[in-house]
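This briefing covers a few parts of one structure, grouped by topic. Please look at the sequence and the model before reading on.

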Amino acid sequence: MAARKPGKKIHAQQDVPRRVTLKFLAEYLQLSTTTVSVVLSDSPLAMTIAQKTKERIWAAVEKFQYRPNMFAQYLHSKRTFSVAVLVPDIGDEYSSSLISGIERRLSEAGYKYIVASHRGAPKEIETSPETLMDRAVEGMIFINTPLQKRLPIPVVAVSDITTAPGVSRIVIDNDRAIWLGLSHLKQLGHKRIAFFKGPDHNGDTEMRWKAVLENSEKFGLEVERELTVQLGTYPEVNESTVSHHGYAAAMTLLKRTRSFTALMAFNDGSAIGAIRAFQDAGLSVPNAVSVIGIDDVPLGEFIYPRLTTVRQPLEQMGQLAASTLLDRINGMTVLEETKVLPELIVRESTAPQRYR
C-alpha cells in the first residue's frame, strides 16, 4: 500500500489531541488510515506491508498510547468480541466458580463478557436476552436459566433446564453423581437416609431426584416422605442463600424425626447449612449424622467438618461452555449436549453408621 502525501506535522506535545485517533496516527506517520488499520487489526493484508512500516506504526501506538475505538471497530467489522452470561444469582459459589472458568477461556480468546443476574424473576428471565442482544453480544451462556424460544445468536447452557431449540448444553451426569453419593453412604452402613430435594425449576432438580429414586431402589434403600425436604421454589428461593435454605430444611427435618443417620443434600450450599443446623441441635457431624453434598465448592474444604461431596468440575465446565460458544460463533459444529462425569471426594463429614 502506498504512503499518503505528507500531512500536518506534529511539532509539540500540545498538538496531540486528548483522544488519539486512527486519523491522527496516519497523519503523524504520513501513511494512509487503511495501512495503519490493516496493521493494527492484523488483517491478512498486513503481510503485504513492509516490516519497517509495521514497526513504525507500533512504535507510534506505544508513544501516543493509542486505543482503538471499539464502536468504530464494530461499525467496520460487525464484531464486538463480547458475549453475555445470564445467571440466577451472581453471588453463589456455584455460579461464581463457573464464571471463573468462563472468564479464563474468553480472556484467552480476546473476548469480553457481560454478566446479568435475574434471581429467578420470570419477567427478568423473559426480557434479559433481548436486553443483552441490544448490547450486540455475539453469543450467550445460560447458567441454570430457562429459555423456551430460539435466539438469533449462539447459546450454550450449563443446565438441564434450557430446552429451547438451537441450544448446546453442558450438563453433569446426575445419575452418576447420585450413584456415587448413595454408594458411599451404603458402604458406610447407612440405611435410613434423609434427602434434600432441589428447588422447583432448578436446572438439576428433576434429573437429580429421578436419579435418587432409581438408585435408591437399586441399593435397597427406601426414600421416605418423612425424610425428604424440598428446598423451596423460584423465584422465592433467591431471597436468601442456598445455605440458609439448607439450614431451614434441616430444622424442618429435625422437627419431624431424628431417626436417620445420614443426609444426602441437593448441593454443597444446602449441605453446609444442614451441618450448622445439626450442630446447633446438638447432633455431631459425622458421629450422629453423616452429610454429603454435590458440587465441591471451595468453601466445603474449609468448614468444620470438611465436607464430603460429589465433585462437579465447575471451572472446567465453565471453560468448556465458553469454548463451545466460541466454536459456535466461529461457525464450527458442536455437540448438542456434553455430559461431564462427577467424582466422589471423601473428607470428614461422613463416617460409618453408629447406632444411637
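Leu263 is in contact (heavy atoms within 4.5 Å) with Ala194, Phe195, Phe196, Ala274, Phe278, Val289, Ser290, Val291 and Ile292, leaving aside residues up to four places away in sequence. The model is predicted: local features need pLDDT of at least 70 and side-chain atom pairs count only at pLDDT 80 or more, while totals for chains, interfaces and linings use all residues. Residues are numbered from 1 along each chain as its sequence is written, and side-chain values use heavy atoms, with hydrogens and water left out.

**Nonpolar cores**
- A nonpolar core is a set of buried (under 20% relative accessible area, 1.4 Å probe, protein chains only) Ala, Val, Leu, Ile, Met, Phe, Trp, Tyr and Cys residues joined through side-chain atoms within 4.5 Å.
- The largest has 26 residues, of which Phe196, Phe260, Leu263, Phe278 and Val291 touch the most other members.
- Two or more residues come from each of strand 6 (193–197), helix 9 (242–256) and helix 10 (268–280); helix 10 gives the most, with six residues.
- Helices (H or I, at least four residues) and strands (E, at least two) are DSSP runs, numbered from the N terminus.
- Another core, of 24 residues, lies apart from it and includes Val156, Val297, Leu314 and Ile329.

**Thr324**
- Thr324 is part of helix 11 (residues 314–329) and is buried, with a relative accessible area of 9%.
- Not counting residues up to four places away in sequence, Thr324 touches Val156, Ser168, Ile170 and Val334.

- Six strands form an open sheet in the order 7-6-8-9-10-12, with mixed pairing (strands pair if DSSP finds at least two bridges between them).
- Strand 7 (228–230) and strand 12 (343–345) are the edge strands, each pairing on one side only.
- Strand 10 (residues 308–311) pairs with strand 12 in the antiparallel sense over three bridges, and Thr309 stands opposite Ile345 in strand 12.

Definitions and conventions. Buried means under 20% relative accessible area, exposed over 50%, partly exposed in between (1.4 Å probe, protein chains only).
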